[in-house]
Amino acid sequence: MAEDAEIARVLRALADARRPGTFCPSEAARALSDDWRPLMGDVRRVAAEIGLAATQGGRAVDPATARGPIRLGAG
């Protein structure tokens, strides 16, 4: 399983690469493991901890608690 520091590194890299746009959290999970689905909860939690902006349907949400698809960005 990926460590939080590695998840944060991948999330920051994606946010920087997509600035000012957004990305799906699954992109980070896929970059970390071929078996990426189990990482989704950790990816969302770490995104919240490092302060990435999250939206769902164009509205701001907490990435750690939002249900359903979200987008992440540098904010």
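Which side chain meets D16 in a salt bridge? I looked it up, and the partner is R19, at 2.9 Å from N to O. By salt bridge I mean a side-chain nitrogen of Lys or Arg within 4 Å of a carboxyl oxygen of Asp or Glu.

**Ground rules.** I'm working from a predicted model, where local features need pLDDT of at least 70, side-chain atom pairs count only at pLDDT 80 or more, and totals for chains, interfaces and linings use all residues. Residues are numbered from 1 along each chain as its sequence is written, and side-chain values use heavy atoms, with hydrogens and water left out.

**Entry 1: salt bridges.** I counted six salt bridges by that rule. Side chains of opposite charge can pair when their charged atoms come close. I then checked how open D16 is: its relative accessibility is 49%, so it counts as partly exposed. My scale calls a residue buried under 20% relative accessible area, exposed over 50% and partly exposed in between, using a 1.4 Å probe and protein chains only.

Next I looked at E27, whose side chain meets that of R18 in a salt bridge (2.5 Å, N to O). E27 is partly exposed at 25%, and R18 is partly exposed too, at 33%.

Entry 2: I found D42 in a salt bridge with R45, their closest N and O atoms being 3.4 Å apart. Both residues sit in helix α3, three residues apart, which is about one turn of the helix. I noted relative accessible areas of 24% for D42, which is partly exposed, and 27% for R45, also partly exposed. Salt bridges with shared partners tie D4, D42, R45 and E49 into one network.

**Entry 3: I7.** Is I7 buried or exposed? It is buried, because its relative accessible area is 0%. I7 belongs to helix α1 (residues 4-18). Helices here are DSSP runs of H or I with at least four residues, strands are runs of E with at least two, and both are numbered from the N terminus.

I listed what I7 touches, leaving aside its neighbours within four places in sequence: A2, L32, D42, V43 and V46. Contact means heavy atoms within 4.5 Å. I also checked I7 against A47, 40 residues apart along the chain, and their C-alpha atoms are separated by 8.5 Å.

**Entry 4: α1 against α3.** Two packed helices are described by the angle between their axes and the distance between the axes. I read off an angle of about 75° and axes 9 Å apart for α1 and α3 (residues 40-49). That makes α1 roughly perpendicular to α3. The axes are lines fitted to C-alpha atoms, for helices over the stretch in contact, with angles from 0 to 180 degrees between N-to-C directions. Under 35 degrees is roughly parallel, over 145 roughly antiparallel, 65 to 115 roughly perpendicular, and the rest oblique.

On the α1 side I have D4, I7, A8 and L11, meeting D42, V43, R45, V46, A47 and E49 of α3.

**Entry 5: strands.** Which strands pair with β2? I found β2 (residues 53-56) antiparallel to β4 (residues 71-73) over three bridges. Pairing requires at least two bridges between the strands, as found by DSSP. A54 has L72 in β4 as its bridge partner.

β2 also runs antiparallel to β3 (residues 59-60), joined by two bridges. There I noted A60 in β3 as the bridge partner of T55. β2 and β3 form a hairpin with two residues between them, and G57 in the turn has a positive phi of about 60°.
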